[in-house]
Amino acid sequence: MDFLGFLVTQCLNALSQAALLFFLGVGLTLIFGIMRIVNFAHGAFFMLGAYVGYSAVHLTGSFWASLVAAPLLVGGFGAAFELGILRRLYRRDHSAFLMVTFGLTLVMGEAIRLSWGVAALEVPAPKSLSGIVFILDEPFPIYRLFLIGAGIVVALAIWQFLDRTRLGLLIRATSQNAEMVHALGTDVRLVRSAVFGIGCGLAGIGGVFAAPLVTASLGMAPNAVIDTFVIVIIGGMGSFAGSLIGALLVAFVQVFGTYYFPDLALALMYLLMLIVLVIRPGGLLGKEA
Amino acid sequence: MRILAVVVCVLALAPAGLPPYAMTLLTEALILGLFAMSLDLMVGYTRLLSFGHAAAYGLGAYAAGNLLLHTSIPLVFTILLAALCSGVVAIGVAWVCTLASGVSFSMLTLAFAQLLYAVAFKWTAVTGASDGLAGIPRSPGPFGITFFEGRAGFYYLVLACLVAAFIFCRSLVRSPFGAVLRGIRENEAKTLSLGYNTRRYKIAVVAISFTLGGLAGALYAPFAGFTNTELLFWLFSGQVLIMVIVGGTGTLIGPIIGAAFFMLVSNLLSSWTDSWALFFGAIFILFVLFAPQGIWGLATRWRSLSSTG
């Protein structure tokens, strides 16, 4: 086996993994940046995205339709949950959010099990993206290349959205000084609902993208939520660039760790997080120590 | 204090009147009660929100399991040794975790528990990997005493551990040490400026909490006769947190009631629906929203209202 070919395909593998993790991490970090809350249900929203994607593919026959439907539905549900329940908790300390969203994780997991059943559901990749290409004589799935592209597009889109649009400006302002934004005549509560919806919608997109690789299953939520926390903690809570760096680091550690140290693969990610936190308790790009 | 004595007496009479199945449930509820109470020291008294308390339980359970399977140390000493094991590991864990605070602390505890979970999956020689340890005996002795091997005897052992741990915790939180913990809960910066090395206090309370949590785990291993990696899984850490919150944080009694409530509700619900987690999640959300003081908090408030009104 050609070592260069192996290295390139493993790196591409890690990049596609990073794209999936980024969809999760960026949503969580956006929500934390604005609301100072940790959304424990983020993995459950990711899972919901995968299941909604499955149903949308089966109803419409189009993977692309599910890419539109899932984030809208999942994001809408997230925003509704913020409006209905989370909004009551802003005066309380951060632990209340962790608990309520933990409760939501249990409820969503059961509701999904009742609606879609316990069996893992296969979601086929669209025809144009199935199959493999040869990169330096190594076979590589086209779908993973597509994921890398999608990750780059979404990252650029979020960056431009935060940097160039009015809502993006409000989001950045709210994350720095919510009271001042409120005093200047913007309803901060609406900004919060919007951000929670967007964050959950991003997790939903991640779920749709992940489904063809891992199938939609009930084990998705716990695995996803822990990976996401690790990414965001490594990158720094609330930092957009941090979530990108965290996703890349974790993806490379996961992919290469599984290859070189199969026995330690699970532990490596946590070790990475511990090392980062011991050196920089607030994460690599975090502001708080 | 008088109520406590009455409750202990009633619990001590339980083996005489309850059928075996109910005794098994009650024993497990008391073990979980001990576990939840140990977490309350961190969550309720110091506001150290741990998302990885399953680590304490799992450490105790695996330590006890190995000691009982591979040595002939009597059951009573085994559980104490296993609890100490968990406490010693906790000093290292706490040293790292207290580098951070707030949400990062919670996530670090989660990471540590998951790290142990990952290790338990791979370290087949000690943990039996995904099969777990099976056939854990209740070793006899010392002096050939076999009382604790039976259903009722083991129940009394659990009850004794819980009562002793409760009395210990209550005097701990009423001591000057406990006052410093409450100081950290209310305002850590102020406590620090009063000259208390708050990090050392936090490490100490995590170690004590892990020791008692480890005791609960050490009781569980011979109770169930097996251990598996579920005991270290994050979902279990979340469940014990639910027990503490629903029961009432910062009260010691509350979490024990919360654990009993958890056992009761999950058993009642699971007999007519297999999706009890749906209801439990909803109950939990409602408690956090509308009754953050928990069952015990509601009960004491209702009592003080009815006595003044």
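**The contact between the chains and the helices behind it**

Modeller: In this predicted model, 33 residues of chain B are in contact with 33 residues of chain A. On the side of chain B that touches chain A, the elements that supply two or more residues are α5 (103-122), α11 (234-247) and α13 (276-290) of chain B. The greatest contribution comes from α5(B), with 13 residues. Sorted by class, this side of chain B holds 25 nonpolar, 7 polar and 1 charged residues.

Met237(A) is placed in the loop between α9 (220-235) and α10 (240-260) of chain A. When neighbours within four places in sequence are left aside, Met237(A) is in contact with Thr29(A), Phe32(A), Val232(A), Gly283(A), Gly286(A) and Val103(B). Is Met237(A) buried or exposed? A residue counts as buried when 20 or more other C-beta atoms lie within 10 Å of its own. Met237(A) has 25 C-beta neighbours inside 10 Å and is therefore buried. Phe102(A), for its part, stands 135 residues from Met237(A) in sequence, and the two C-alpha atoms are 19 Å apart in space.

We may now turn to chain B and follow its helices from α11(B) onward. In general, a pair of packed helices is described by the angle between their axes and the distance between those axes. For α11(B) and α12(B), the axes come within 7 Å and cross at roughly 115°. This crossing is right-handed. From α11(B), the residues Ile242(B), Met243(B), Val244(B), Val246(B) and Gly247(B) take part. They meet Gly254(B), Pro255(B), Ile256(B), Ile257(B), Gly258(B), Ala259(B), Phe261(B) and Phe262(B) of α12(B). The contact of α11(B) with α12(B) comprises 10 nonpolar, 3 polar and no charged residues.

Gly254(B) belongs to helix α12 of chain B, and it is buried because 29 other C-beta atoms lie within 10 Å. Which residues does Gly254(B) contact, leaving aside its neighbours within four places in sequence? They are Gly247(B), Gly248(B), Thr249(B), Gly294(B), Ile295(B), Trp296(B) and Gly297(B). Asp40(B) is 214 residues from Gly254(B) in sequence, yet their C-alpha atoms are 8.9 Å apart in space.

The next pair is formed by α12(B), residues 253-272, and α13(B), whose axes come within 9 Å and cross at roughly 140°. The two helices are therefore oblique to each other. Here too the crossing is right-handed, with α12(B) passing α13(B). On the α12(B) side, Val265(B), Ser266(B), Leu269(B) and Ser270(B) take part, and they meet Trp276(B), Phe279(B) and Phe280(B) in α13(B). The contact of α12(B) with α13(B) is made up of 5 nonpolar, 2 polar and no charged residues. It may be recalled that α11(B) and α13(B) are among the elements that give two or more residues to the side facing chain A.

It remains to set this part within the whole of each chain. Chain B contains 14 helices and 0 strands. Its C-alpha atoms fill a box of roughly 50 × 45 × 40 Å along the principal axes. The radius of gyration of chain B is 19 Å, which agrees with the value near 19 Å for a compact globule of 309 residues. Of those 309 residues, 50% are buried. Among the contacts in chain B with a separation of 6 or more, 78% are between residues 24 or more positions apart.

Chain A has 11 helices and 2 strands, and its elements run α-α-α-α-β-β-α-α-α-α-α-α-α from the N terminus on. Its radius of gyration is 19 Å, close to the 19 Å that the globule rule gives for 289 residues, so chain A is as compact as a globular protein of that length. The C-alpha trace of chain A spans about 65 × 50 × 35 Å along its principal axes. In chain A, 50% of the 289 residues count as buried. Of the contacts in chain A between residues at least 6 apart in sequence, 76% join residues at least 24 apart.

Methods:
Residues numbered from 1 in each chain as written. Chains lettered and ligands numbered in written order. Predicted model: local features only at pLDDT ≥ 70, side-chain atom pairs only at ≥ 80, totals over all residues. Contact = placed C-beta atoms within 7 Å. Helix = DSSP H or I, 4+ residues; strand = E, 2+ residues; numbered from the N terminus. Nonpolar A, V, L, I, M, F, W, Y, C, P; charged D, E, K, R; others polar. Axes fitted to C-alpha atoms, helices over the stretch in contact; angles between N-to-C directions. Parallel < 35°, antiparallel > 145°, perpendicular 65-115°, else oblique. Left-handed = near helix turned anticlockwise from the far one by under 90°. Rg over C-alpha atoms; globule rule 2.2 N^0.38 Å. Buried ≥ 20, exposed ≤ 12 C-beta atoms within 10 Å, placed from the backbone.
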